[in-house]
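Me: I would like to go through this model carefully, one question at a time, with the cut-offs stated as we go.

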Amino acid sequence: MHRPLFAVQGVWSSRGCKTFPIDSSRTKCQCDRLSSFAILAQLSSDSNMDKVILPSVTLIVGCGVSSLTLLLLIIIYVSVWRYIRSERSVILINFCLSIISSNALILIGQTQTRNKVICTLVAAFLHFFFLSSFCWVLTEAWQSYMAVTGRLRNRIIRKRFLCLGWGLPALVVATSVGFTRSKGYGTVNYCWLSLEGGLLYAFVGPAAVVVLVNMVIGILVFNKLVSKDGITDKKLKERAGYDYKYII
């Protein structure tokens, strides 16, 4: 609480003065008279600059269960890799890695809001890994479309998958950091993109485009599967159908 005071006849009074909060750390006072002025500030009882903010139990349990489950899935895939080695398996493992990294950074970011440098790094990497998870979903959709059209070529396509899954998010984050000079990555309350200045659109925009493209590819794959002369190879059709179910 902030209250402007001015001296009149040896007594402090707040009449004729108004406060205009600018942000969480600054307050503007406007008075309609001349006198000696002062600010009476009252700090909240629970405010402690040295207190470390810990993640909530719900957040710890949610991120922990999600990460452990995905890690177990990766271990299973690696243990039987020679039997299930495929482009879809590569995509799934990379997708799991992006989600696990995001969960870890969410928990780390909850305790680093007072460290500006670390909070900025956490926000930037969260931006990258969140976008990467969307891009790997897009990569899975692309792989399914290539499968139903019979154009899947392991070496060339796998490199393109990696460029889309990791390269495109890195390009978006690097461009955002370059234009904003890291301003907006991390705030005093959370280590994520600031809601002010439009930086959040650097995540919402690409994510919305990925969702839209996934919908279009899903429709194309579905039409290819249900058409009578769409896929003549029985094995290819079974594989494409499995991939489409995986997208859903």
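**Confidence and overall make-up**

Reply: The protein averages a pLDDT of 78, and 72% of the residues score at least 70, where pLDDT is the predictor's confidence in each residue, from 0 to 100. This is a predicted model, in which local features need pLDDT of at least 70 and side-chain atom pairs count only at pLDDT 80 or more, while totals for chains, interfaces and linings use all residues. Residues are numbered from 1 along each chain as its sequence is written, and side-chain values use heavy atoms, with hydrogens and water left out.

Me: Which element of the protein has the highest mean pLDDT, and which the lowest?

Reply: Helices (H or I, at least four residues) and strands (E, at least two) are DSSP runs, numbered from the N terminus. Among these elements, helix 1 has the highest mean pLDDT, 91, and the lowest, 48, belongs to strand 1 (residues 2–8). Over residues 1–7 the pLDDT is below 50, yet this stretch has 41 contacts in the model beyond near neighbours in sequence, a contact meaning heavy atoms within 4.5 Å.

Me: In what order do the elements of the protein run from the N terminus on?

Reply: The protein has seven helices and five strands. Read from the N terminus on, their order is β-β-β-β-β-α-α-α-α-α-α-α.

Me: What percentage of the residues in the protein is buried?

Reply: Buried means under 20% relative accessible area, exposed over 50%, and partly exposed in between (1.4 Å probe, protein chains only). The protein has 248 residues, and the buried share of them is 33%.

Me: Which residues of helix 1 are buried?

Reply: Helix 1 (residues 57–79) has 23 residues and reaches 32 Å from its first C-alpha to its last, close to the 33 Å expected at 1.5 Å a residue, the expected span being 1.5 Å times one less than the number of residues. The cover over its buried residues includes helix 2 (81–84) and helix 3 (87–109). Cys63 counts as buried because its relative accessibility is 7%. The buried residues in helix 1 are Cys63, Ser67, Leu70, Ile74 and Tyr77.

Me: Which cysteines form a disulfide?

Reply: A search of the whole structure finds one disulfide, defined as a pair of cysteine sulfur atoms within 2.5 Å. The sulfur atoms of Cys119 and Cys191 are 2.2 Å apart, and the link is left-handed, with -125° about the S-S bond. The pair links distant parts of the chain, 72 residues apart, with Cys119 in helix 4 (residues 116–149) and Cys191 in the loop between helix 5 (154–180) and helix 6 (201–226). Both cysteines are buried, and the pair asked for is Cys119 and Cys191.

Me: Is Arg181 buried or exposed?

Reply: Arg181 lies in the loop between helix 5 and helix 6 and has a positive phi of about 55° although it is not a glycine. Most residues other than glycine have a negative phi. Ser182, in the loop between helix 5 and helix 6, has a positive phi of about 70°, and its relative accessible area of 29% makes it partly exposed. Because the relative accessible area of Arg181 is 76%, Arg181 is exposed.

Me: What is the angle between the planes of Phe134 and Phe203?

Reply: The structure holds 10 aromatic pairs; rings of Phe, Tyr and Trp (its six-membered ring) pair if their centres lie within 6.5 Å, and planes under 30 degrees apart count as stacked, over 60 as edge-to-face and the rest as tilted. Phe134 in helix 4 and Phe203 in helix 6 are 69 residues apart. Phe134 is partly exposed, at 29% relative accessibility, whereas Phe203 is buried, at 15%. Their pair is edge-to-face, 5.9 Å centre to centre, and the angle between the planes is 80°.
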